[in-house]
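Hi,

Here is the structure I promised to pass on. Have a look at it first, and then read on for what turned up in it.

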Amino acid sequence: MSYEFLDHTSEVTVRLRAGSFPDLVVEAGRAMAELMLDGEDRGSVGEWREIEVRGTERGAFLVEWMNELIYLAETEQWAPVDLEVTEVEPLQLRIRARGVSLEQPSASVKAATLHGLLVREGPEGVEAEVTLDV
Amino acid sequence: MSPESLGGLAHRISDTIYEIPASARPDMRVPARFFADEALWEQIRSDRSIEQLMNVATLPGASRAVYSMPDTHEGYGFPVGGVAAFRTSDGVISPGGVGYDINCGVRLLASTMSVEDLGPTLEPLVHELSRAIPAGAGRSSRYGMNEAELDRVFTEGCSFLVERGMANEDDLEHTEAGGCLPGADPKAVSQRARQRGSSQLGTMGSGNHFVEVQCVERILDEDSAHALGLEQGQIVVLIHTGSRGLGHQVCTDYVKEMDRVMPGFGITLPDRQLACAPFESEAGRTYFGAMCAAANYAWCNRQVITHVTREAFSRILGPAAALRLVYDVAHNIAKVEEYEGESLCVHRKGATRAFGPNNLETPAAYRSVGQPVFIPGSMGTASYVLVGRDEALERSFGSACHGAGRRMSRRRAAREKPGREVRDELGAQGIVVRCPSLKELAEEAPHAYKDVDHVVDVVERAGLARKVARLVPLGVVKG
C-alpha cells in the first residue's frame, strides 16, 4: 500500500495504490492525515470511532470519504491516525478510526474534487488519483 | 493530447490573443480564447490549462467563446482565470465553475496616512493585525452566529453589518453588488455548511489569503487615481479572502448533487468536476440560491475583517487613521448579466469583473473612470489597481485577471526555498511578515508566481482594464 503527492500547478493530486479497495480507502485516509498533520507528532491517540460513508461507485466513495475527513478536521479538529474498513456494502462503507486532536489543520484542504478522478485495477491491485483543492 | 500538442491547435489572432477554434474538437460548442503574449502562452502550454478551457467550451448553452485571463493556470474543472457565460434560457450553471471558495475576492482600503506617518509603527501595526484577524485553516472568530443571524447574513449581506456597527453606507456603495446578491436562498445551504460558517465570520483562512499593508508606490493614471482617492506614498490595505468553510461545503454539496442529477438531463462531459445542471432546472436554481448565500457571507467576511482592521489602525495609530473602502470585487462567482439583450450566467473562476465607466453597476463615484480592479502580486512583489474598460464587455464578458497566477506547484515552491529563507528574504526587503506556518510561507513564496508586472501589462495591452496605480507591500499577514 502506498500514496504519493503529484505536482499540480495550484492544487494537490494524490496517487493511491493498494491490494484491495478497502485498503485504498485506508491509504486515502493516511494521505489526508499527512496533509493535515504535516508529519508532526500531535500527542495521544483518542478513542476508536465509526465513520460511515455513502457512495454509488468507487470514485464517489473515495471523494466522499476524503471530504468527510476535511469536514471532521474543520468542525472537530480531528485527524485520523489508525484506520480500518470494517464493512463494505454496495452503497456504504463503514470505517473504524482513531486519531488525534488538531490545534488547527496544518494545511488548508478545501475539498476533494471529481477532477480527473481515476480508480482502476493496477499492478498492486487497485490504484486511484484524486485532486484536492488546497 | 499533450499540452504542447494542444497548444499547436491555437491561432495567434493578435499580440495578446490566442484562439483554439470550436472545430478543434467535436464536443466544443464555442472557441477557447486565451489572453496571453508569447511568453505567457509558453507558460500556459506547460500545464493542463488549455485542455481544461477546451473542456469548458463543451458545456451546454456556452455563449460566444470561453476565455482564459493572462494569469491563467491549471485548476480543477475550469482553469483558474477561466471565464465562461451560459444562456440562462437553455444553458447550465456549474458549481465547479465557481470553485470551492465562493466569492473569494479582494478589497482595497485607502488610509489617511502616508508612509512617512507610519514610520516605526509598521511592525506593531502588522503585529496587531495578526492578533486581531484569525488566520489559518479552520480558525474561529470572535463573531459567532446563531441560525437566525446566519440567515440574515445570507439574505441581507453587508447591510446586516451596518445594523451591527461593522459597516457603513459608504462601504455598501463601494462593494460589488452592494455586498448582497438578491437571489440567496438560506434553505439551500446545508446544515454542514452552516456549522462550518457559524464561527468563521471575520477569519482569513489559509493558502493564498492575506491582509497586506501597502504603499502606493507609483500613480500610472492621474485622473483615475484622483477619482479613486489614491495618491503616491499613501498607505493602503489589501484584503484577500472568501467564504471559508461555508463556501467549501456549499460547493462540495452541489458538485455531488450535480454529478448525481446530470445524466437525467442527458449531459455528458469530459471532466466530472464540470458537473452542471440547466440554470432553470430545480438543481440549477437551488445551487444558485446557495451560491448567492455563500457569496453574501463572503462579502460579510471581508467587511468584518475591514471593521477589525479599522479598529487595529485606530489602536496603533490613533483615531485619525481612518480607512475608506475603495472597492470590493469578487473573483470566484457566477452572476446573471445581460449581453446584447441576452441573459447569461457568467462564471468567473479566478477572474475579476472589470466593468467600464458606462456600466450602471460601476459605483456612481467611479462612472468617469470605470470599476476598480485589483490584481495582487505575491508577498514581496507589487500589486496593481486598474479600472475596467467598456470594451472588455465585448472582449471578455467584462472580465480581467485576479492575480499574478501560479507558475509552479506548492510542493515544488517549498522544495526550492524553505519558509524560513522566504521570511528572511522578505525581512531583508523591509517587509514585516506574520504567518502561522513556515510551510504555508514557503508554498506561497514570490518565486511560485508569474511576474505580476508582465501579467498586468498584458491585461492592459489586451484592452481589458487600464492601469491606475502600483502598490508595494510593507507588511503581510498571511493566512
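Let's start with a pair of strands in chain B: strand 1 and strand 2 (residues 17-20) run antiparallel and are joined by three bridges. Within that pairing, B:Arg12 has B:Tyr18 of strand 2 as its bridge partner. Keep in mind throughout that this is a predicted model.

Chain B has an open sheet of seven strands, ordered 1-2-3-4-5-13-12, with mixed pairing. Strand 1 (11-14) and strand 12 (332-339) of chain B are at the edges; each has a single partner strand, so one side of each is left without a neighbour in the sheet. From one strand to the next, the twist averages 40°. There is a helix to look for here too: helix 3 (residues 49-56) of chain B lies across strand 2, strand 3 (32-35), strand 4 and strand 5 (78-87) of chain B, and runs at about 110° to strand 4.

Now jump to strand 19 (residues 465-478) of chain B, where 13 of the 14 residues are buried. Which strands does strand 19 pair with? Here is what I have:

- Strand 8 (residues 210-219) of chain B runs antiparallel to strand 19, with nine bridges between them; B:Phe210 stands opposite B:Lys478.
- Strand 16 (residues 383-388) of chain B is also antiparallel to strand 19, over six bridges, and B:Gly388 has B:Ala465 as its bridge partner.
- Strand 18 (residues 432-434) of chain B pairs with strand 19 in the parallel sense, over three bridges, and B:Val433 stands opposite B:Val476.

Helix 17 (residues 452-461) of chain B is worth a look as well. Its buried residues include B:Val452, B:Val455, B:Val456, B:Val458 and B:Val459. Viewed down the helix axis, the buried residues of helix 17 fall within an arc of 155°, so they line one face of the helix. Just after helix 17, B:Gly463 takes a positive phi of about 75°.

Finally, the two chains touch. The contact takes 37 residues from chain B and 27 residues from chain A. On the chain B side, the elements giving two or more residues are strand 4 (66-76), helix 9 (191-197), helix 11 (244-261) and helix 14 (410-416). Helix 11 of chain B gives the largest share of that side, six residues. By type, the chain B side divides into eight nonpolar, 15 polar and 14 charged residues.

Enjoy the tour!

Technical notes: Residues are numbered from 1 along each chain as its sequence is written. Chains are lettered from A and ligands numbered from 1 in the order in which they are written. This is a predicted model: local features need pLDDT of at least 70, side-chain atom pairs count only at pLDDT 80 or more; totals for chains, interfaces and linings use all residues. Two residues are in contact if their C-beta atoms, placed from the backbone, lie within 7 Å. Helices (H or I, at least four residues) and strands (E, at least two) are DSSP runs, numbered from the N terminus. Ala, Val, Leu, Ile, Met, Phe, Trp, Tyr, Cys and Pro count as nonpolar, Asp, Glu, Lys and Arg as charged, and the others, Gly among them, as polar. A residue is buried if 20 or more other C-beta atoms lie within 10 Å of its own, exposed if 12 or fewer, and partly exposed in between; C-beta atoms are placed from the backbone. The arc is that of the directions from the helix axis to the C-beta atoms. Two strands pair if DSSP finds at least two bridges between them. Axes are lines fitted to C-alpha atoms, for helices over the stretch in contact, and angles run from 0 to 180 degrees between N-to-C directions.
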